[in-house]
Amino acid sequence: QGPLVESGGGSVQAGGSLRLSCAATRNLGNNYCLGWFRQAPGKEREGVARIYLIYVRGGTPYYADSVKGRFTISQDNAKRTLFLQMNSLKPEDTAIYYCAAATHSSRCTLEPRDYNYWGQGTQVTVSS
């Protein structure tokens, strides 16, 4: 098992909310990027939100246009846990959601190739 473990997925009707959690099971360092990604059936994995941690304090978050204003990325430093609060969910948000960490460089993007640690994924299903 990798160092990132997600939880909190489930099924919800359109307009509802879910909160995803991603727990780091070990110390990943002082400065690194954390991100949330999703992958719908038949589609490529896409970045949803990311935040850069400097000495475990969160920097300015960044969101994909498709979730801006609806999703919020945050972290609990003491618990080494990353969150994704998802509000006003839409059927097109249905996907497997992954958290990821980029610990090997200073890049902090929404490109999956820049991340070296991945969680196992959690399913989010939004019905209309």
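Author: Gladly! Let us start with contact, which means heavy atoms within 4.5 Å. This is a predicted model, where local features need pLDDT of at least 70 and side-chain atom pairs count only at pLDDT 80 or more, while totals for chains, interfaces and linings use all residues. Residues are numbered from 1 along each chain as its sequence is written, and side-chain values use heavy atoms, with hydrogens and water left out.

Reader: Which residues is Arg38 in contact with, leaving aside its neighbours within four places in sequence?

Author: Among them are Glu44, Glu92, Asp93 and Tyr97.

Reader: Why is Arg38 called buried?

Author: Buried means under 20% relative accessible area, exposed over 50%, and partly exposed in between, with a 1.4 Å probe and protein chains only. Arg38 has 6%, so Arg38 is buried.

Reader: What makes the pairing of Arg38 and Tyr97 a polar contact?

Author: A polar contact is a pair of N or O atoms within 3.5 Å; within protein, one must be able to donate a hydrogen and the other to accept it, and residues adjacent in sequence count only if both atoms are side-chain atoms. The side chains of Arg38 and Tyr97 are joined at 2.9 Å, so the pair qualifies. Arg38 also makes a side-chain polar contact with Ser66, at 3.5 Å.

Reader: Which residues touch the most other members of the largest nonpolar core?

Author: Such a core is a set of buried Ala, Val, Leu, Ile, Met, Phe, Trp, Tyr and Cys residues joined through side-chain atoms within 4.5 Å. Of its 31 residues, Trp36, Leu84, Met86 and Tyr97 touch the most other members. A second, separate core of seven residues includes Phe37 and Tyr115.
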